[in-house]
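Biologist: Let us go through the assignments one at a time. For each label, I would like to hear the value and the cut-off behind the label.

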Amino acid sequence: MVGKQVIVTGPTTGIGKEIAMQLGALGADLVLACRDIERGKQTADEIKRATPAQNVAVMQIDTSSQQAIRNFARRYREEYSRLDVLVNNAGMNRGRHPKVNSVDGIELTFATNVLGYFLLTQELDDLLKTSAPARIVNVASSFASDLDLEDLQFERRPF
């Protein structure tokens with residue numbers, strides 16, 4: 001992975017953090033795409049201390065917001081000329097909490113875990129193609145089940 005440019009969304013905890021650590025250990029140049037910049041900076045410092053990776057940048061993104069995703073992609077393209085790996089890992093599970101919509105009026109979990117991945121990939125597709133052979137990795141969990149295409153917004157069934 002030395003010399004490969006990689007974006008990891010949701011890199012500050014859990015699987016995303018472990019993915020970023022392992023890619024850093026392999027020498028990848030990382031962009032940690034996260035909502036909380038301070039937590040992102042802490043994670044970047046941890047990666048730099050624990051791995052040979054020294055090119056670890058932090059950029060803000062809220063993968064539940066279509067405008068935030070487009071802004072992130074625009075900034076990324078302004079700063080970087082290639083993208084070898086996109087790891088779509090950012091996610092949320094509101095579980096038994098009340099249903100909440102994103103700023104775009106879409107149920108928050110679906111907006112983050114499904115539509116966010118799709119839009120970010122679409123927005124960076126040109127760089128991925130010109131960086132071929134590039135890879136896209138989508139991370140999901142067992143919570144990504146019980147999909148009802150007739151009721152994506154949980155309007156007719158309990159949330």
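Modeller: A helix here is a DSSP run of H or I with at least four residues. Thr43 lies in such a run, helix α2 (residues 37-50). The model is a predicted one.

Biologist: Why is Thr43 called buried?

Modeller: Buried requires under 20% relative accessible area. Thr43 has 2% relative accessibility, so Thr43 counts as buried.

Biologist: Which residues does Thr43 contact, leaving aside its neighbours within four places in sequence?

Modeller: Thr43 is in contact with Pro11, Thr12, Lys17 and Leu32. Contact means heavy atoms within 4.5 Å.

Biologist: How confident is the predictor, in terms of mean pLDDT?

Modeller: The mean pLDDT of the protein is 90, and 89% of its residues reach 70 or more.

Biologist: What makes strand β1 (residues 5-9) largely enclosed by the rest of the structure?

Modeller: Five of the five residues of β1 are buried, so the strand is largely enclosed. The burial applies to both faces: Gln5, Ile7 and Thr9 lie on one side, Val6 and Val8 on the other.

Biologist: How do you know that β1 pairs with strand β2 (residues 29-34)?

Modeller: Pairing needs at least two bridges found by DSSP. Five bridges join β1 to β2, and the two strands run parallel. Val6 stands opposite Leu30 in β2. Together with helix α1 (residues 14-25), β1 and β2 make a β-α-β unit, which is right-handed.

Biologist: What joins β1 to strand β4 (residues 85-88)?

Modeller: Three bridges join β1 to β4, again in parallel, and the cut-off is at least two. The partner of Val6 in β4 is Val85.

Biologist: How many aromatic pairs does a search of the whole structure find?

Modeller: The search finds two. One is Phe72 with Tyr76, at 6.3 Å centre to centre and 25 degrees between the planes.

Biologist: What makes the pair of Tyr76 and Tyr80 stacked?

Modeller: The ring centres of Tyr76 and Tyr80 are 4.6 Å apart and the planes are at 25 degrees, so the pair is stacked. Phe72, Tyr76 and Tyr80 form one aromatic cluster.

Biologist: Which residues touch the most other members of the largest nonpolar core?

Modeller: They are Ile7, Phe72, Tyr76, Leu83 and Leu124, out of 18 residues in that core. The elements giving two or more residues to this core are β2, α3 and α4 (108-130). With five residues, α4 gives the most.

Biologist: What does Leu124 touch, not counting residues up to four places away in sequence?

Modeller: Leu124 touches Ile7, Phe72, Ala73, Tyr76, Arg77, Leu83 and Leu86. There is also a second, separate core of 16 residues, with Ala20, Leu23, Ile47 and Val139 among them.

Technical notes:
Residues numbered from 1 in each chain as written. Predicted model: local features only at pLDDT ≥ 70, side-chain atom pairs only at ≥ 80, totals over all residues. Heavy atoms only, no water. Buried < 20%, exposed > 50% of the residue type's maximum accessible area, 1.4 Å probe, protein only. Right-handed = clockwise from strand over helix to strand, strands pointing away. Phe/Tyr/Trp six-rings, centres within 6.5 Å; stacked < 30°, edge-to-face > 60°. Core = buried A, V, L, I, M, F, W, Y, C linked by side-chain atoms within 4.5 Å. pLDDT = per-residue confidence, 0-100.
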